[in-house]
Amino acid sequence: MNLTTLWHAVDDCLSQLDFSALTNGFRRYRFALYTEREACLDGALMPRPNGFLGNTAVPCEGEFIAIWSMDADPIEDVDRLAASLVHEMFHCHQFTCGETRFPSDLALLADPGDARSFEAKHAENLLLADACEQKSLSCLKRFAKIRGERRKVYPDMVEQELKVETIEGMAEYVSLRALACLNPAAFERQLAGYLQRLRAEDAQLFDLRRIGYFSGAVYFLTLERLGLPIVNDPRSPLTAYDQNPIDTAGLTADVPSFDFVTREFAALIKKRTDEIAQYTADAAYTACNAVICGYDPMNMFRVGDQLFCRHFVFLNENGQTKPIHTAVVLKLAPGSNDHVVGYYLKNA
């Protein structure tokens with residue numbers, strides 16, 4: 001299916017949706033599908049604009065539009081692709097509403113936590129999946145209790161997680177609702193996949209940004225299934241989770257040990273350390289005094305003061321933006337999340 005034909009197929013799907021019924025105040029936004037060379041916007045082909053990177057919302061002609069890369073994420077099922085674009089359109093909605101509760105991706109990368117924090121995180125995920133699947137208020141309360149206790153110990157990390165759920169989890173929840181309207185069977189399969197991700201005993205537990213898509217979406221869907229109101233006022237500084245508090249009075253937060261967490265956490269740190277060492281071993285080092293101004297948060301990781309960017313990164317040095325469209329290891333200034341003092345880059 002060529003780009004134009006696919007765009008019109010997605011457009012037909014989106015025309016079946018009542019956006020205001022997906023969540024209050026939501027409306028449809030323009031969208032584009034694109035490849036490395038071309039883009040289709042409003043049904044018309046054009047050369048790919050330089051600003052089309054990743055799947056997201058971008059400014060265009062005085063408004064925000066949703067974009068989707070058919071090279072990076074070639075979703076062939078039109079219903080699923082349409083629902084994915086609803087996710088990106090919700091980002092348009094967030095920007096239009098003046099949303100400010102965005103997570104700091106670089107802060108999330110800076111603090112991987114420790115094995116015990118992720119045992120509590122996994123216990124939360126298991127209870128949240130059960131709460132959604134069983135429509136269990138009891139499981140939801142126990143989930144909230146463990147999260148509350150974990151938040152006391154790791155307040156900065158959990159605050160960033162809640163912001164991910166507010167921005168990405170809420171967008172994914174709205175996307176799921178759209179898919180349920182377009183293709184109920186596909187919705188059930190996708191939800192089953194999300195619950196499986198929450199229960200998985202593997203290294204994806206440590207990717208706090210990515211797992212927040214699923215925990216956020218499942219949390220809001222659980223509220224819906226339990227008949228509880230969902231409040232998400234973008235004018236409030238409170239995260240969407242905090243705007244929907246769960247009563248945990250009288251509960252205790254018992255967190256079991258999970259052997260896989262200690263094992264996988266150690267293996268992940270070693271794998272990342274080895275990958276950076278292998279890359280930098282035969283890469284040229286360039287000193288600089290720059291600030292990170294653009295990046296792909298889904299394809300980055302950090303070990304100590306070294307930040308590995310697998311796809312691209314943009315650096316601002318002395319007011320000039322330097323794009324690096326390949327894998328690169330950045331060396332960060334001590335104590336900083338975005339100040340770059342040098343980078344390792346292999347010759348093309």
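The model is predicted. Helix 1 and helix 3 cross at roughly 75 degrees. The aromatic pairs come to 20. Among the residues described below, C132 and S215 are buried, whereas K135 and N318 are exposed.

**Helix 1 against helix 3**

- Helix 1 spans residues 3-14, and helix 3 spans residues 78-96.
- Their axes come within 9 Å and cross at roughly 75 degrees.
- Helix 1 brings L6, A9, V10, C13 and L14 to the contact.
- Helix 3 brings V78, D79, L81, A82, L85, V86 and M89.
- By class, eleven of these contact residues are nonpolar, none is polar and one is charged.

**Aromatic pairs**

- A pair of aromatic rings is described by the distance of the centres and the angle of the planes.
- The count of aromatic pairs in this model is 20.
- One of them joins F206 and F265, with ring centres 5.3 Å apart and planes at 70 degrees.
- That pair is edge-to-face, because its plane angle is over 60 degrees.
- F206 lies in the loop between helix 8 (184-199) and helix 9 (208-225).
- F265 lies in helix 10 (residues 259-281).
- The pair therefore ties together parts that are 59 residues apart in sequence.
- F206 has 8% relative accessibility, so it counts as buried.
- F265 has 13% relative accessibility and counts as buried.
- Ring pairs also link F143, Y173, Y219, F220 and Y241 into a cluster.

**Charges over rings**

- Y241, one of the cluster residues, has the charged end of R147 over its ring.
- The charged end of R147 is 4.7 Å from the centre of the Y241 ring.
- R310 lies over the face of F308, at 6.0 Å from the ring centre.

**Buried residues in helices**

- C132 sits in helix 5 (residues 115-134).
- Its relative accessible area is 1%, so C132 is buried.
- Leaving out residues up to four places away in sequence, C132 touches L191, L195, V218, L221, T222 and R225.
- C132 and C181 are 49 residues apart along the chain, and their C-alpha atoms are separated by 19 Å.
- S215 belongs to helix 9.
- S215 has a relative accessible area of 1% and is buried.
- Beyond residues up to four places away in sequence, S215 touches K121, N125, L128, R147, E165 and L198.
- R147, one of those partners of S215, is the residue whose charged end sits over the Y241 ring.

**Buried residues in loops**

- Q243 is placed in the loop between helix 9 and helix 10.
- With 13% relative accessibility, Q243 counts as buried.
- Its contacts, leaving aside neighbours within four places in sequence, are R101, V231, N232, D233, S236 and L238.
- A283 is in the loop between helix 10 and strand 6 (284-295).
- A relative accessible area of 16% makes A283 buried, because the limit is under 20%.
- A283 touches Y344, L345 and K346, not counting residues up to four places away in sequence.
- A283 and N55 are 228 residues apart in sequence and 30 Å apart in space, C-alpha to C-alpha.

- K135 is not a glycine, yet its phi is positive, at about 50 degrees.
- K135 is in the loop between helix 5 and helix 6 (137-153).
- K135 has 52% relative accessibility and counts as exposed, because the limit is over 50%.
- N318 is another residue other than glycine with a positive phi, near 55 degrees.
- The loop holding N318 runs between strand 9 (313-317) and strand 10 (320-324).
- At 73% relative accessibility, N318 counts as exposed.

Key
Residues are numbered from 1 along each chain as its sequence is written. This is a predicted model: local features need pLDDT of at least 70, side-chain atom pairs count only at pLDDT 80 or more; totals for chains, interfaces and linings use all residues. Side-chain values use heavy atoms; hydrogens and water are left out. Axes are lines fitted to C-alpha atoms, for helices over the stretch in contact, and angles run from 0 to 180 degrees between N-to-C directions. Helices (H or I, at least four residues) and strands (E, at least two) are DSSP runs, numbered from the N terminus. Contact means heavy atoms within 4.5 Å. Ala, Val, Leu, Ile, Met, Phe, Trp, Tyr, Cys and Pro count as nonpolar, Asp, Glu, Lys and Arg as charged, and the others, Gly among them, as polar. Rings of Phe, Tyr and Trp (its six-membered ring) pair if their centres lie within 6.5 Å; planes under 30 degrees apart count as stacked, over 60 as edge-to-face and the rest as tilted. Buried means under 20% relative accessible area, exposed over 50%, partly exposed in between (1.4 Å probe, protein chains only). A charge sits over a ring if NZ of Lys or CZ of Arg is within 6 Å of the ring centre and within 35 degrees of the ring normal.
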